[in-house]
Amino acid sequence: MIVLKSKREIEMMKKAGEVLAACHKEIAKMIAPGVSTWEIDQFVEGFLKKHGATPQQKGYKGYEYATCASINDEVCHGFPRKEALKEGDIVTIDMVVNLNGALADSAWSYAVGEVSDEASQLLKVTKDALYKGIEASQMGQRIGDIGHAIQTYAEGEGFSVVRDFIGHGIGASIHEKPDVPHFGLPGKGPRIKEGMVFTIEPMINLGVYQTKMDANGWTARTTDGKLSAQFEHTIAITKEGPVILTDQEG
Ligand code: MF3
Ligand code: CO
């Protein structure tokens, strides 16, 4: 069942999204060789607390951290760790913020110092792919149109789209319907309606799209060891078009 949200609920989720966006802006300033994802995770805990919010991922299905921190070939759900980031790494920081019971979810990939041309191209294409997906999220279109837009673009740029993890409705809990794949056929899937709130979070790989699970049961990485990037926003569908609830660039 797809739960449609009221204007008031969307407004509350937007407030959570504003805290999340502000937090990402601070993380962007912190990212540098020598900083660890453990320190970033600690920073996020403090930042959210200061803003009266809580990290919804902590305790979710036994997950122990405020953020997911996925480095290089890690696709998603990497654990924050004390090892320092190195020049040339790329790292995705993903979090879900709870503010007064309303949730927002956003992941962002960052370059650590100077990165290779192919890494910086991957970051650019993955972010653009997210915005292509958002553009396709219009009332009356289908959920499949979103994935089709993302896949057509990303594959056209020579990259691949992860199949094993997808976007999702979000509301009272992190994962609701609808499922939002980042690949697929236009005209397929549920119709996009006013009041839907969901994430679009393409994970785009330099090499093959396949992933494998680490022994920790959480962290997915590319099977070929090549880089993976991810950008995620939470969006609300309105008559005026999709509204980004976690906008840090606008
Ligand atoms: N933000 C993640 C997502 O998009 C949430 C991961 S759940 C966690 O699905 F427990 F790993 F944090
Ligand atoms: Co998400």
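## Cysteines

Taking a disulfide as a pair of cysteine sulfur atoms within 2.5 Å, the count for this predicted model is zero. Cys-23 takes part in none, and the nearest cysteine sulfur, that of Cys-68, is 14 Å away. Cys-76 is likewise in no disulfide; here the sulfur of Cys-68 is the nearest, at 7.5 Å.

Buried is used for a relative accessible area under 20%, exposed for over 50%, and partly exposed for values in between, with a 1.4 Å probe and protein chains only. Cys-23 is buried at 0%, and Cys-76 is buried at 4%.

## Basis of the values

The model is predicted: local features need pLDDT of at least 70, side-chain atom pairs count only at pLDDT 80 or more, and totals for chains, interfaces and linings use all residues. Residues are numbered from 1 along each chain as its sequence is written, chains are lettered from A and ligands numbered from 1 in the order in which they are written, and side-chain values use heavy atoms, with hydrogens and water left out.

## Overall fold

The chain has four helices and 15 strands, these being DSSP runs numbered from the N terminus (helices H or I, at least four residues; strands E, at least two). Its radius of gyration, taken over C-alpha atoms, is 17 Å, close to the 18 Å from the globule rule for 250 residues, so the chain is as compact as a globular protein of that length. That rule is 2.2 Å times the number of residues to the power 0.38. The C-alpha trace spans about 45 × 45 × 35 Å along its principal axes.

Of the 250 residues, 53% are buried. With contact meaning heavy atoms within 4.5 Å, residues 24 or more positions apart supply 70% of the contacts that have a separation of 6 or more.

Thr-234 belongs to strand β14 (residues 233-238) and is buried, with 0% relative accessibility. Leaving out residues up to four places away in sequence, its contacts include Ala-104, Asp-105, Ile-170, Phe-198 and Val-243.

Ile-143 lies in helix α4 (residues 143-156) and is buried at 3% relative accessible area. Beyond four places in sequence, Ile-143 touches, among others, Pro-178, Val-180, Lys-188, Ile-192 and Phe-198. Pro-80, 63 residues from Ile-143 in sequence, is 32 Å from Ile-143 in space, C-alpha to C-alpha.
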